[in-house]
Amino acid sequence: MKTYPIYGREFIEQGALDQMAAAMELPITLGGALMPDAHIGYGLPIGGVLATLPNVVIPYAVGVDIACRMCMSIFDMPPQAIQDHANELHEALSKHTHFGIGATTTSHVDTSLFDREEWNATAVIRNQKDKAWRQLGTSGTGNHFVEWGIVTMAEGEFVALLSHSGSRGFGGAVANYYSQLAMQVSTLPKEHRHLAWLDLNTEAGQQYWLAMNLAGDYASANHHEIHAKIARAMNLEPMMMIENHHNFAWRETLADGTEAIIHRKGATPAGNGVLGIIPGSMTAPGFIIRGKGAQESMNSASHGAGRIMSRKSARSMVTHEEWQRTLDIHGVSVIGADVDEAPMVYKDIHTVMAAQAELVDVIGTFYPRIVRMADARERPED
């Protein structure tokens, strides 16, 4: 059996460990690692990092929400502004964010991404171009959010805007099409069918790789659109922006010089000196991190705290009153959301960060204050 490092093993459910063990036994696998926020996903667990031969990619090891990512804008505003301008900050989130599976907008700041020739490369991409244009500057459901908060760094304390979302309907369509295709061309036992891969030397593999990378650029543009609209509404310019994917595949080189495809499904790139963001929950802090380049983790870290409670369990075990008390204690106000995203459904972020101290350095701490999420009636898609 191929061995791999598990960070925070004591906090990880057996189902996620079983999924990772199955992925490690694939004939195309070169190595792997499991992050401390890991929990069950399709095929590869969320929080799983998998290195494969350089000519294959596993769509479900990238994830359904291709290029789901974090983005933070830091503004030269004192923390007191959160209270002094609470109404304006609430209004900016309410007016300039759009949440939901079918969310669209007709107002855009920058649509130059759609001038690229890749949008005509395949039928799958072409069929999604109009929808992608309409959804530029929108957010998904589930654990996706846009929020104001206070960030503490060596340089001081500032107001910051943090967002979490991905490539919307475009990325979902790409993921679904090529995942189904991979399951048709790969021969795997039924219980492991979601680990099916595509050969990057085939037309299908090349098409997926092109679409995945375009979805990555689209996800980044999507965040920039959201941040630009809100900054403009508040007459602000960010003094710094930090962003990172956490559902993606990269061509990288392993410690021994072997070329590989590194899949990070719900895992943050943490190469030496690489900046990223690891959120907590709507009341727990998030962290700006600098990667240490740990080869054992394949230059990776967690992408958040990780769930300890399913959405179904949360709805039966967490009351709205309990959720509201927690928000009040932490001085957080929420627009949208429901108890399935309440703070108590997540692992303790401090415990998760302690389990990966050898992977990242913390250079900033973000404290949420005004959180915008999809309405409670929306079906989760994270």
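# Questions about a predicted chain

Biologist: Does G137 count as buried or exposed?
Modeller: The relative accessibility of G137 is 0%. Buried means under 20% relative accessible area, exposed over 50%, and partly exposed in between (1.4 Å probe, protein chains only). G137 therefore counts as buried.

Biologist: What pLDDT do local features need in this predicted model?
Modeller: Residues are numbered from 1 along each chain as its sequence is written, and side-chain values use heavy atoms, with hydrogens and water left out. The model is predicted: totals for chains, interfaces and linings use all residues, side-chain atom pairs count only at pLDDT 80 or more, and local features need a pLDDT of at least 70.

Biologist: Which residues does G137 touch, beyond four places away in sequence?
Modeller: G137 sits in the loop between α5 (123-135) and β5 (145-153). Helices (H or I, at least four residues) and strands (E, at least two) are DSSP runs, numbered from the N terminus. Contact means heavy atoms within 4.5 Å. Leaving out residues up to four places away, G137 touches H98, N222, E225 and I226.

Biologist: How many helices and strands does the protein chain have?
Modeller: The C-alpha trace spans about 60 × 45 × 40 Å along its principal axes. In secondary structure, the chain comes to 10 helices and 16 strands.

Biologist: What is the radius of gyration of the protein chain?
Modeller: The radius is taken over C-alpha atoms, and the globule rule is 2.2 Å times the number of residues to the power 0.38. For 382 residues that rule gives 21 Å. The chain comes close to that, so it is as compact as a globular protein of that length, with a radius of 20 Å.

Biologist: What share of the residues of the chain counts as buried?
Modeller: Take contacts between residues at least 6 apart in sequence: 77% of them join residues at least 24 apart. Now take burial. Of the 382 residues, the buried share is 58%.

Biologist: Which residue has a side chain in polar contact with that of H227?
Modeller: H227 lies in helix α7 (residues 203-233), and it is buried, with a relative accessible area of 3%. Beyond four places in sequence, H227 touches C71, M72, S73, L161, S163 and M241. A polar contact is a pair of N or O atoms within 3.5 Å; within protein, one must be able to donate a hydrogen and the other to accept it, and residues adjacent in sequence count only if both atoms are side-chain atoms. At 2.7 Å, the side-chain partner of H227 is S73.

Biologist: Is H223 buried or exposed?
Modeller: H223 is also placed in helix α7. Beyond four places in sequence, H223 touches R69, C71, S163, H164 and S165. The relative accessible area of H223 is 1%, so H223 is buried.

Biologist: Which residue has its backbone nitrogen 3.0 Å from a polar atom of the H263 side chain?
Modeller: H263 is in strand β10 (residues 259-265), and it is buried at 0% relative accessible area. Apart from neighbours within four places, the contacts of H263 include G48, V49, L50, V57 and I58. The backbone nitrogen in question belongs to I58.

Biologist: Which strands are among the cover of the buried residues of α1?
Modeller: Helix α1 covers residues 14-24. Its buried residues are A16, L17, Q19, M20, A22, A23 and M24. What covers them includes β1 (29-39) and β2 (46-52).

Biologist: How far apart are the C-alpha atoms of I46 and W119?
Modeller: I46 is in strand β2, and at 22% relative accessibility it counts as partly exposed. Beyond four places in sequence, I46 touches residues including D37, K265 and H303. W119 is 73 residues away along the chain, and the C-alpha separation is 29 Å.

Biologist: What is the phi of N235?
Modeller: Most residues other than glycine have a negative phi. N235 lies in the loop between α7 and β8 (240-245), and at 72% relative accessibility it counts as exposed. N235 is not a glycine, yet its phi is positive, about 55°.

Biologist: What is the phi of A337?
Modeller: A337 is in the loop between β15 (333-335) and α10 (349-355). A337 is buried, with a relative accessible area of 11%. Its phi is positive too, near 70°.
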